[in-house]
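Please read this note with the sequence and the 3D view side by side. Each numbered point takes up one part of the chain.

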Amino acid sequence: MDTNDTQVLRCGFVALIGAPNAGKSTITNNFVGSKVSIVSPKVQTTRTMVRGIGVYENTQIIFIDTPGIFRPKRRLDRAMVSSAWSGVKDADIVVLVVDAKRGFDDETRAIIDQLNKNKLSAILVLNKVDIIDKTKLLALSAALNEAGNFKETFMISALTGQNIDDFYKYLADNLPESPWYYPEEQMSDMPLKLLAAEIVREKLFLYLRQEIPYELTVEPELWERREDGSVRAEMTIYVKKDNQKTIILGRGGEMIKKIGQSARREIERELEERVHLFLFVKVRANWIDDPARYSAWNLDFNS
């Protein structure tokens, strides 16, 4: 793209908030054109703020993909919700993403109440409109707009790309005039080793049908560039119980091998380089109360 002096450059932060599994990460990945945030059918997969960076015409848009906002029960839950709301404070534009199929549920109502309490206006995005009847969609839009202070409403499908370009254009036209904050080719401010750890965690969500993914964390222990240009990556999966370790390893190590192969292929595809991935599973009963684990993911342990 030509960034000569005659162009007016724009740049800014767009915070995506919403209930778990509303489609925030899918929107971020769609815009960036690459995976910067993990996606899973399970809720509460995004645990920290992820910045996805992309360019639309003369505007650099920095999406802040926040953890889903829900009623917290544990320390980790509280830290995730706190992280989501902190993303709102620094944003030029706030976007509430609502799963149109799920509708106006209690979690979305609580988020709108909090926006109203803080006197924050937002953009409303109804996602997954490709799988809902248009009449129901219009009624849902009317109910949400009556409850909240929304400048604009967009009806999109982040998965198929339906109507999403209009949403991006609105953001590009309404962010402030500013030089770009990041190089044009940069897609995220997340270190590669953390992105790789997130991909491993996504595969754990995909392959483990039980509730184990909510009881584990993935920590990059080594990220080393080798002489041949490839990367040696060592990751430790921390779980709370011995039986969880047994399930992740699988019979004869079959499950961990399957997870590792799938994760390695995706990491290589995203990084466009060869990766040697080694996964280890350790039991640490109190990892969820370890301040170091929160610090690694920029979460506030004391939330």
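The points below go from the whole chain to its sheets, its helices and some single residues.

1. Before anything else, please keep in mind that this is a predicted model. The chain holds 9 helices and 9 strands, and of its 303 residues, 52% are buried. Its accessible surface amounts to about 14500 Å², with 46% of that area belonging to carbon and sulfur atoms.

2. In what order do the strands of the open sheet of 3 strands lie? The order is β7-β8-β9, and the pairing is mixed. The edge strands, each of which pairs on one side only, are β7 (217–225) and β9 (275–283). On average, and with direction ignored, neighbouring strands of this sheet are turned by 20° against each other. Strand β7 and strand β8 (residues 231–239) run antiparallel and are joined by 8 bridges, and Val218 has Ile237 in β8 as its bridge partner.

3. Helix α6 (residues 192–207) lies across β7, β8 and β9, and it runs at about 135° to β7. Helix α7 (residues 242–249) packs on the sheet as well, where it touches β8 and β9, and its direction makes about 155° with that of β9.

4. The packing of helices deserves a point of its own. Two packed helices are described by the angle between their axes and by the distance between those axes. For α7 and α8, the angle is about 65° and the axes are 5 Å apart. In this contact, Ile247, Ile248 and Leu249 of α7 meet Glu254, Met255 and Ile256 of α8; sorted by class, the contact has 5 nonpolar residues, no polar residues and 1 charged residue.

5. Is Ser262 buried or exposed? This residue sits in helix α8 (residues 254–271), and it counts as buried because its relative accessibility is 10%, while buried means under 20%. Leaving aside residues up to four places away in sequence, Ser262 touches Lys203 and Tyr207.

6. Finally, please look at two residues with a positive phi. Lys128 has a phi near 70°, a positive value in a residue other than glycine, and it lies in the loop between β5 (122–127) and α4 (134–147). Asn163, which is not a glycine either, has a positive phi of about 65°, and its place is in the loop between β6 (150–155) and α5 (164–174). With a relative accessible area of 21%, Lys128 is partly exposed, and Asn163, at 39% relative accessibility, counts as partly exposed too.

How values were computed:
Residues numbered from 1 in each chain as written. Predicted model: local features only at pLDDT ≥ 70, side-chain atom pairs only at ≥ 80, totals over all residues. Heavy atoms only, no water. Pairing = 2+ DSSP bridges. Helix = DSSP H or I, 4+ residues; strand = E, 2+ residues; numbered from the N terminus. Axes fitted to C-alpha atoms, helices over the stretch in contact; angles between N-to-C directions. Contact = heavy atoms within 4.5 Å. Buried < 20%, exposed > 50% of the residue type's maximum accessible area, 1.4 Å probe, protein only. Nonpolar A, V, L, I, M, F, W, Y, C, P; charged D, E, K, R; others polar. Areas by Shrake-Rupley, 256 points an atom, 1.4 Å probe, with all protein chains shown as cover.
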